[in-house]
Each structure stands twice: as structure tokens, then as C-alpha cells.
Amino acid sequence: MIVATLSRRTLSWGTPRRRRAARWALAACLAGAVGLGGVAVWQHDRAEAAHVAARRAEQRVDDISAVLSAPDARTARTRFDSGADGTLVVSRRLDRAVFVATGMDRPPGGKVYQLWLNDHGTMRPAGLMDPERESEAVLLRGDVVAASGLGITVEPAGGSDRPTSAPIALVAFPA
């Protein structure tokens with residue numbers, strides 16, 4: 001009989017102090033569950049963003065490969081004063097072009113190399129080079145068929161609508 005009485009008392013919530021402790025424990029468990037749920041949502045969002053970035057990179061590589069391997073691809077080369085090399089690959093059938101640079105110096109702080117399609121004297125923005133990379137391939141944006149060449153300038157980070165500096169290189173499109 002004494003054992004049964006002790007068991008009931010041990011299992012009951014009994015005192016107000018025990019009830020408060022149980023509520024705090026329940027609140028802590030709920031807070032932990034909410035926190036873990038938030039972490040799971042954050043990780044899912046990060047994974048989804050990484051997946052989207054990977055798909056974009058894969059598409060970029062496919063687009064560059066298509067130009068480089070096009071049956072009508074023609075190349076023109078240039079050498080910069082700094083010793084860097086540039087190769088322009090043009091496919092008029094695909095209406096696309098790729099500029100491949102190797103050995104590029106970093107542009108001055110807060111600046112970027114910007115690529116321009118030269119439409120017989122009128123320059124149209126065609127892309128930006130990554131200022132952190134000394135070598136890269138850039139798929140040019142815009143109508144290549146109408147262009148006569150490529151210009152490269154040093155522009156403020158983020159690029160410009162029109163060139164703000166003299167070209168550091170001009171490359172005529174190959175015939």
C-alpha cells in the first residue's frame with residue numbers, strides 16, 4: 001500500500017513547482033523544434049539556390065562549348081600590353097561569340113574589364129569579365145552578326161552603358 005501511494009505521488013504533477021518545471025520543459029522542446037525547423041527550411045533554400053546556380057553554370061558551359069565547336073567557328077587573337085592573351089571565337093551561324101582570356105592582370109580596385117560589340121564604331125555592352133580571375137571564357141551577349149569586332153575597356157564595377165575609357169584592346173571579327 002505504501003508503494004502504491006508513493007508511485008501515484010511520484011507520477012502526478014502534484015505541486016505547482018513541478019507544473020511550472022513541466023511547462024518550461026515543454027516550452028523549451030517547442031522552441032527547439034521551431035529552431036530546428038527553421039534551420040531545415042534555411043538549408044533547403046540554400047540547397048535550392050545551389051542547384052539553380054549549378055544549372056546556370058552547366059548551361060553556360062554548354063553555350064560556350066557550342067560556339068567553340070561550331071562548324072563555322074572562326075578565331076581572332078590579340079595580345080595585351082601586359083602580356084595577356086585573348087582569343088575571340090565567332091560563330092555567325094549561331095549568332096554567338098566567346099572571348100577567352102588568359103593571363104589577365106587584375107583591373108584597378110573598383111574596376112572591371114567590360115566587353116563591347118563594335119557595330120562599325122558604335123559600342124554595345126556584351127559582358128563583364130570576373131575581376132578575380134586571370135583566365136576565363138565569356139559568352140558575349142547581343143547580336144553578333146551585325147558586329148564588326150570586340151572592344152575591351154576598364155569600367156566601374158558593375159559595368160557601364162557606354163565606354164568610359166579608351167579600349168585596352170580592339171579585335172576585328174574574323175572573316
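In the hairpin of β1 and β2, five residues sit between the strands, and G83 takes a positive phi near 100 degrees. Strands here are DSSP runs of E with at least two residues, helices are runs of H or I with at least four residues, and both are numbered from the N terminus. This is a predicted model, in which local features need pLDDT of at least 70 and side-chain atom pairs count only at pLDDT 80 or more, while totals for chains, interfaces and linings use all residues. Residues are numbered from 1 along each chain as its sequence is written, and side-chain values use heavy atoms, with hydrogens and water left out.

Contact, here and below, means heavy atoms within 4.5 Å. Zooming out to the whole chain, there are two helices and eight strands, and from the N terminus on they run α-α-β-β-β-β-β-β-β-β.

The other strands bring up a second open sheet, again of four, in the order β5-β4-β7-β8 and with antiparallel pairing. Its edges are β5 and β8 (169-172), each with a single partner strand, so one side of each has no neighbour in the sheet. Neighbouring strands of this sheet are turned by 30 degrees against each other on average, direction ignored. On the pairing of β4 with β7 (residues 149-156), eight bridges hold in the antiparallel sense, and the bridge partner of N118 in β7 is G149.

What lies inside? In soluble globular proteins, nonpolar side chains tend to be buried together. Here the largest nonpolar core has 24 residues, of which L88, F99, L140 and L150 touch the most other members. The elements that give two or more residues to this core are β2 (85-91), β3 (96-102), β4, β7 and β8. A nonpolar core is a set of buried Ala, Val, Leu, Ile, Met, Phe, Trp, Tyr and Cys residues joined through side-chain atoms within 4.5 Å. Buried means under 20% relative accessible area, exposed over 50%, and partly exposed in between, with a 1.4 Å probe and protein chains only. Leaving aside residues up to four places away in sequence, L140 touches L88, A97, F99, L115, L117, A126 and L150. Another core, of five residues, lies apart from the largest one and includes I64, V89, V98 and L139.

For contrast, take D161, in the loop between β7 and β8. D161 is exposed, with a relative accessible area of 67%. Not counting residues up to four places away in sequence, D161 touches W116 and P125. The C-alpha atoms of D161 and V52 are separated by 28 Å, and the two residues are 109 residues apart along the chain.

As for overall shape, the radius of gyration of the chain, taken over C-alpha atoms, is 31 Å, whereas a compact globule of 175 residues would have one near 16 Å. That globule rule is 2.2 Å times the number of residues to the power 0.38. Along the principal axes, the C-alpha atoms fill a box of roughly 105 × 35 × 25 Å. Buried residues make up 29% of the 175 residues. Among contacts between residues at least 6 apart in sequence, 53% join residues at least 24 apart.

Methods
Two strands pair if DSSP finds at least two bridges between them. Axes are lines fitted to C-alpha atoms, for helices over the stretch in contact, and angles run from 0 to 180 degrees between N-to-C directions.
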